[in-house]
Amino acid sequence: MNDPRAHANGNLTEKRIDLMLIASLVEHGTRVLDIGCGNGELMELLVAERGVDARGLELSQQGVNACVARGLAVVQGNADTDLSYYPDRGFDTVILSQTLQATQRPKEVLQEMSRIGNKLIVSIPNFGHWRIRLALALRGRMPETQALSAKWYDTANIHLCSMLDLIDLCDTLSLRVETCLTVSNGKVHHSSGRPSARQNLMAELVVFELSH
Amino acid sequence: MLNQPTNRVGGYMTGHENSANGEHLVLENAQLTLDNGSVLEALTLAYRTYGQLNDDRSNAILICHALTGDHHPSGANPLTGRAGWWDNMVGAGKPIDTDKYFVICQNVVGGCAGSTGPSTLRADGTPYGLDFPVITIGDMVRAQNLLLDRLDIPDLFCVIGGSMGGMQVLQWAAAHGERVFSAIPIATSARHSSQNIAFHEVGRQAILADPDWHGGNYAAENTAPRKGLAVARMAAHITYLSEAALQRKFGRNLQDRDQLSYGFEADFQIESYLRHQGISFVDRFDANSYLYITRAMDYFDLAAEHGGTLAHAFANTKARFCVVSFTSDWLFPTSESIALVRALNAAGANVSFVEIDSDKGHDAFLLDEPEMAQTITGFLNAAALARGLSGARHE
């Protein structure tokens with residue numbers, strides 16, 4: 001989705017963990033929509049490992065071309081404007097992988113996702129992580145981390161939030177947290193239901209499985 | 001209209017003899033029931049093939065040509081001696097690779113490059129003229145189905161085309177979906193817009209207003225509505241370009257002069273260019289064919305044929321689609337492709353969609369557009385793998 005640099009964020013291992021965690025939440029043989037599918041890495045993984053019928057939405061022409069060349073069904077479009085084209089309950093699972101923070105209207109995007117799919121999987125870089133808090137508190141500067149490496153004026157991430165902020169929005173939208181997977185220092189923590197304040201402090205990355 | 005030697009494949013020969021490269025092949029004595037209810041007897045269909053049909057008869061790609069195209073997308077056109085209209089896309093090692101695929105292109109019914117059309121002579125030696133029945137995109141595609149039957153090809157690996165060719169691609173998927181493994185509609189729409197009908201009407205009225213048209217019987221008068229057809233082409237040609245491309249190519253540059261003539265000569269390069277486009281067109285195209293084929297495009301409305309809901313046209317489709325549009329195409333704008341993609345999504349179809357960044361307008365699909373070539377190459381490779389075609393490889 002949007003700036004290809006957004007996809008280059010984070011090191012490879014972190015990215016892989018993110019994708020593997022999402023894949024672990026997707027059921028076999030289901031219909032999946034990946035919003036902001038980039039070069040199709042996750043979709044290819046889901047097709048190979050989970051045997052899903054995957055569709056993608058991607059903004060960049062480069063990304064779409066890469067997906068089409070991989071044999072993936074991907075439509076060029078924008079999460080903010082083009083989700084309305086998808087029919088109600090068209091998919092079992094709708095995925096938004098590290099893209100929510102780059103959308104213009106995150107609330108509307110989540111609303112559309114819950115209209116289109118039965119299950120939502122949303123991953124975000126957690127702005128509540130202690131290192132980010134510390135950077136702002138001690139240095140008085142916008143944080144730059146491995147996961148958020150662009151300068152403030154250059155970043156595609158215009159709607160950053162902590163995982164608790166996202167939970168608040170889910171409450172507003174009557175979305176229920178089924179599973180919460182967090183990554184901290186390369187380690188995965190699994191919990192069901194709402195995350196704790198401690199998780200919000202420790203998690204660099206979070207993957208939510210949501211239902212409505 | 002055709003006087004070059006032809007390799008006649010008449011009647012009911014089986015397909016293998018057709019597998020050799022043929023510049024101008026014809027299928028004769030076909031019969032076609034048309035959408036308007038009439039039946040075209042003694043139908044001739046001109047076509048051309050490239051490459052070899054594989055043993056499974058599973059590697060055929062049908063290329064559908066646009067309004068003024070013909071069945072010579074690649075290689076030299078035997079009539080004009082010039083390169084085929086899609087030579088950059090079709091050939092050995094090119095995106096539509098004739099080393100891997102058996103490529104077929106057929107002149108549409110109603111055309112003037114060898115298939116039966118209004119200029120074809122009837123048994124009594126006179127051309128059809130306006131006695132030719134009004135044909136539709138559906139009729140064109142039914143005629144292509146006849147050819148597949150005669151060539152004994154059960155289904156198409158891919159059907160591809162731009163503009164009116166894209167309409168045929170969509171018609172194939174909607175009406176003969178069981179014979180389509182993959183489909184690439186380019187710079188097209190599921191229905192001709194009001195604006196597009198309006199431009200076509202201007203062109204037709206220019207032809208009809210030419211005294212040399214003679215109510216369509218110009219052949220009997222040994223003349224042709226050259227001025228009317230040239231004006232039709234000039235008006236249409238503007239719609240194939242973009243404002244930016246015209247400005248970049250011609251600007252306000254003067255033609256063969258340093259100052260304005262204060263008259264109505266072709267002062268500007270753009271005027272000279274358009275006049276040339278018009279004049280050269282009348283040498284290769286029949287005015288009545290232009291009337292009939294533009295009409296077929298105007299009548300095209302896939303949703304209307306399916307209860308007003310475009311998604312119903314593609315219900316249960318198994319084909320994989322790759323929809324392509326161009327940013328500067330205002331004749332078949334991206335919004336038309338998005339409406340199509342939306343309907344395909346609603347039908348649960350396997351669809352990809354790319355909008356190519358280009359300032360070359362509608363004509364971009366005929367030109368060297370590397371992003372389009374990459375998209376189509378990638379899509380065909382992936383589809384070939386899915387179909388298990390030998391020679392298919394992972395990129």
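The C-alpha centres of domain 1 and domain 2 of chain B are 26 Å apart, the domain bounds being taken from an automatic or database domain assignment. This is a predicted model, in which local features need pLDDT of at least 70 and side-chain atom pairs count only at pLDDT 80 or more, while totals for chains, interfaces and linings use all residues. Residues are numbered from 1 along each chain as its sequence is written, and chains are lettered from A in the order in which they are written.

**Domains of chain B**

- Domain 1 comprises 7-191 + 301-387, and domain 2 comprises 197-294.
- Across the boundary, 25 residues of domain 1 of chain B are in contact with 18 residues of domain 2 of chain B; contact requires C-beta atoms, placed from the backbone, to lie within 7 Å.
- The side of domain 1 of chain B that touches domain 2 of chain B has twelve nonpolar, ten polar and three charged residues. Here Ala, Val, Leu, Ile, Met, Phe, Trp, Tyr, Cys and Pro count as nonpolar, Asp, Glu, Lys and Arg as charged, and the others, Gly among them, as polar.

**Nonpolar core**

- The largest nonpolar core has 170 residues, of which B:Ile61, B:Val103, B:Cys158, B:Val159, B:Ala183 and B:Ile184 touch the most other members. Such a core is a set of buried Ala, Val, Leu, Ile, Met, Phe, Trp, Tyr and Cys residues joined through C-beta atoms within 7 Å; a residue is buried if 20 or more other C-beta atoms lie within 10 Å of its own.
- This core draws at least three residues from each of domain 1 and domain 2 of chain B.
- Beyond its neighbours within four places in sequence, B:Cys158 is in contact with B:Ile61, B:Phe181, B:Ser182, B:Ala183, B:Ile184, B:Leu380 and B:Ala383.

**Chain B as a whole**

- Chain B contains ten helices and eleven strands, assigned as DSSP runs (helices H or I, at least four residues; strands E, at least two).
- For 395 residues a compact globule would have a radius of gyration near 21 Å, and the 21 Å of chain B agrees; the radius is taken over C-alpha atoms, and the globule rule is 2.2 Å times the number of residues to the power 0.38.
- The C-alpha trace of chain B spans about 65 × 50 × 45 Å along its principal axes.
- Of the 395 residues in chain B, 52% are buried.

**Chain A as a whole**

- Chain A has nine helices and eight strands.
- Its 212 residues would give a compact globule a radius of gyration near 17 Å, and the 16 Å of chain A agrees.
- The principal-axis spans of the chain A C-alpha trace are about 45 × 35 × 30 Å.
- Buried residues account for 49% of the 212 residues in chain A.

Terms used:
Two residues are in contact if their C-beta atoms, placed from the backbone, lie within 7 Å. A residue is buried if 20 or more other C-beta atoms lie within 10 Å of its own, exposed if 12 or fewer, and partly exposed in between; C-beta atoms are placed from the backbone.
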